[in-house]
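Please look through the sequence and the model below before reading on.

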Amino acid sequence: MTPVKLYPPKPEKVYFFGTCLIDLFYPEAGMDGIRLLEREGIEVVYPQAQTCCGQPAYTSGYHDEARAVAAAQLDLFPEPWPIVVPSGSCGGMMRTHYPQLFAGTEHEARANEVAGRIYELTEFLLHVCQLRLEDRGQPEKVAMHTSCSARREMGLGETGPALLARMGQVELVEQARATECCGFGGTFAVRHPEVSAAMVEDKTQAIEATGARRFVTSDCGCLMNIAGRFEHQGKAVSGEHIASYLWRRTS
Amino acid sequence: MSASEVQTFTPREFHRQAHDALGNPQIRANFRKAMDGLMAKRRDVFSDWDLETLRELGANIRLRALAKLPDLLERLEANCQANGIQVHWAENGDEACRIIREICQRHGAKAVIKGKSMVSEEMHLNAHLEEAGIEALESDLGEYLVQLNEQTPSHIIMPAIHLNTDEISEIMHTRTGTERTRDVDTMTAAARAQLRERFMAADVGISGVNFAVAETGTLCLVENEGNGRMTTAVPPVHIAVTGIEKVVEHLRDVPPLYALLTRSATGQHVTTYFNMISSPRKPGEHDGPNEVHLVLVDSGRSSIYQDDELLDTLRCIRCGACMNHCPVYTRVGGHTYGTTYPGPIGSILMPHMMGLEATKDLPTASSLCGACGEVCPVKIPIPDLLVRLRREAVGEGRGNVPGAGVKRTKKEVAAWKGFQWLATHPGVWRSSTAIAGKLQALMPSKLGPWTEYRTAPKPAKVSLHALVKQHKAKRHQADKADESGEKRS
């Protein structure tokens, strides 16, 4: 069970770790996360030397390589500011697995210290910023897929839905088997493509059955998977990172 | 599949078997329906419990037992012997089979009746006994059906969960001459009548063990059908066979584990039967076997025990909740894994028993969604152990799993070394993401298996690194303008 976390008061500055998927495929989602934070009066520091948290190598068993990549990220956050990550998957890697990865190494203390400052974006917006949202969009139904790492590794199954509940015009609908994995799993989708495909097929069917024509997620891996499946089938259901959705409707 | 087809499964063929299962609507429907039901029952039965506290307690009981394992096994042996139970040690499945066969032969046994035991499946005991001319009949209803159909269990708790009513009716008709029916009670009654005769005729009863209590020398057996009690009480000889990790220290350790086991497995508050076997028939008693034997099997377990991380695998109380909640198991079913124990627990246990060469596709057959670890009643960190076995498979672990390093290929090592180099050279990283964006049009629209089911992701024209730079520059200018504006005013 995730231990009870005491959230700090809203800080003046935060670091933003954008994640490699967002950097390469969904940069606007990263920018929208930064804009939401800046609107709360927080200065967002984006270290230009950031690359990837190392998770793909970690889950593939290549821990020497993962450790080298992760060690390079540890240097990016010298000041004691919170580190906000717009992904439960990368956030979970940094919060949960960095301490495991560096246990017994020279970087152990620093890895633990960095891990203690990691916040997933929706968690930070909800619990630290106490975000107020003024929804200017049209009324619509939306489904949310919370990533497995946000839900189980970080214990954040409720933060995304709680933010959406603050949107006056948004009706959050829950798809069947909402807590089930979408089948992305990083390299899993490549190593076991048919099983992964069966999983994402079920996920898209469940979302479609809610009647929502839009879904949001706080992880771009799931987004790439689910939205990619919808698009492949020519379905009129579109997906978006929750940061973009919140920013678009409230800015 | 029809009752006449005999299929064999192997973990080496996981991909092909998964392909077949995914394309089999009957298998898909049977598992989905059954697993949905089991998940709902578990959720409901725990709804008024402080589940986290109970899981913590269960985990601690198992951790304490494992911490004292060598000592507890000696105490178990001594207390069983004091109770008149004969204790045997087997280093592997073959040795356990030989011990059991010899006991059977000493009694001139021609037929044995079996209660449910996954350890006996692990060692292929039935085949071994058949070779020696001893007929072994399964008496657990699910195991009986699976045996009639010449299959292996597809689930550790519900061995015939892959079959639906019609398929079962067909099997019973073909194999036992039972009239075809869709009425479950009629089928159960028929099976009961068939098995009842065999209980009476059996020379030896063989069962598993759920908990072996060291301080009292008691063997606990959890079951619903009464066949476990019949197996252990009717024939003149009872042989219990179990893995060495099933020992617990105290009798008081059993209720919390039992509470977790039945609720996690089938969503039951209690099972219909809970047997505590503490001795053979005593003088003056009217029933029970004249001899009770306990066969304690290692089969790789003490090797798992040597590793302080992998050790957690041995906490398992065999409830099956990890498979019930696994999105992969739910879709491909138990046979696809080709191992005695399927699903997440199988993927962390079988590599030790069969080696990573044969089982190399199992630790990766998980999206690491964490559902298994979340429901495990003794809090085995299954996802972490899957990752650990992936490390072992690619030769970056501690090397103490058979077949370690078997998946290490030059090509994959080069790919990850390349990733490492790129991700530790931020300047190169930034220019390559920029190039990827600029060359968007040249990106292949086919990305192997990904694009068979999904569209290919398109690299953005401008990376986040670059967007943030532009954004900061704009803000900086705006701030400057503000400042100069302030100065002017």
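In what order do the 6 strands of the open sheet of chain B stand? The order is β1-β10-β7-β4-β2-β3, and the pairing is parallel; here two strands pair if DSSP finds at least two bridges between them, while helices (H or I, at least four residues) and strands (E, at least two) are DSSP runs numbered from the N terminus. The edges are taken by β1 (85-90) and β3 (135-138) of chain B, each of which has a single partner strand, so one side of each is left without a neighbour in the sheet. From one strand to the next the twist averages 25°, where angles run from 0 to 180 degrees between N-to-C directions and axes are lines fitted to C-alpha atoms, for helices over the stretch in contact.

This is a predicted model, in which local features need pLDDT of at least 70 and side-chain atom pairs count only at pLDDT 80 or more, whereas totals for chains, interfaces and linings use all residues. Residues are numbered from 1 along each chain as its sequence is written, and chains are lettered from A and ligands numbered from 1 in the order in which they are written.

Within the sheet of chain B, strand β4 (residues 204-207) and strand β7 (residues 237-243) of chain B pair in the parallel sense over 4 bridges, and B:Ile206 has B:Ile239 in β7(B) as its bridge partner. Helix α4 (residues 69-82) of chain B packs on this sheet, where it touches β1 and β10 (291-297) of chain B and makes about 145° with the direction of β1(B); two residues are in contact if their C-beta atoms, placed from the backbone, lie within 7 Å.

Chain A has an open sheet of 4 strands in the order β2-β1-β3-β4, with parallel pairing. Its edge strands, β2 (43-45) and β4 (118-120) of chain A, each pair on one side only, and the twist averages 35° from one strand to the next. Strand β3 (residues 83-85) of chain A pairs with β4(A) in the parallel sense over 3 bridges, with A:Val84 standing opposite A:Tyr119 in β4(A). Helix α2 (residues 27-39) of chain A packs on the sheet and touches β1 (13-16), β2 and β3 of chain A.

The axes of α2(A) and helix α13 (residues 242-250) of chain A come within 8 Å and cross at roughly 55°. That makes α2(A) oblique to α13(A), since angles under 35 degrees count as roughly parallel, over 145 as roughly antiparallel, 65 to 115 as roughly perpendicular and the rest as oblique. Among the residues that meet are A:Asp32 and A:Arg35 in α2(A) and A:Trp247 in α13(A).

In chain B, the axes of helix α3 (residues 51-67) and helix α12 (residues 254-266) come within 9 Å and cross at roughly 120°. The contact is made by B:Leu54, B:Leu57, B:Gly58 and B:Ile61 of α3(B) and B:Pro256, B:Leu257, B:Ala259 and B:Leu260 of α12(B). These residues divide into 7 nonpolar, 1 polar and no charged, where Ala, Val, Leu, Ile, Met, Phe, Trp, Tyr, Cys and Pro count as nonpolar, Asp, Glu, Lys and Arg as charged, and the others, Gly among them, as polar.

Between the chains, 49 residues of chain B are in contact with 53 residues of chain A. Several helices of chain B, including α19 (382-393), α20 (410-423) and α23 (464-488), each supply at least two residues of the side that touches chain A, and the residues of that side divide into 27 nonpolar, 13 polar and 9 charged.
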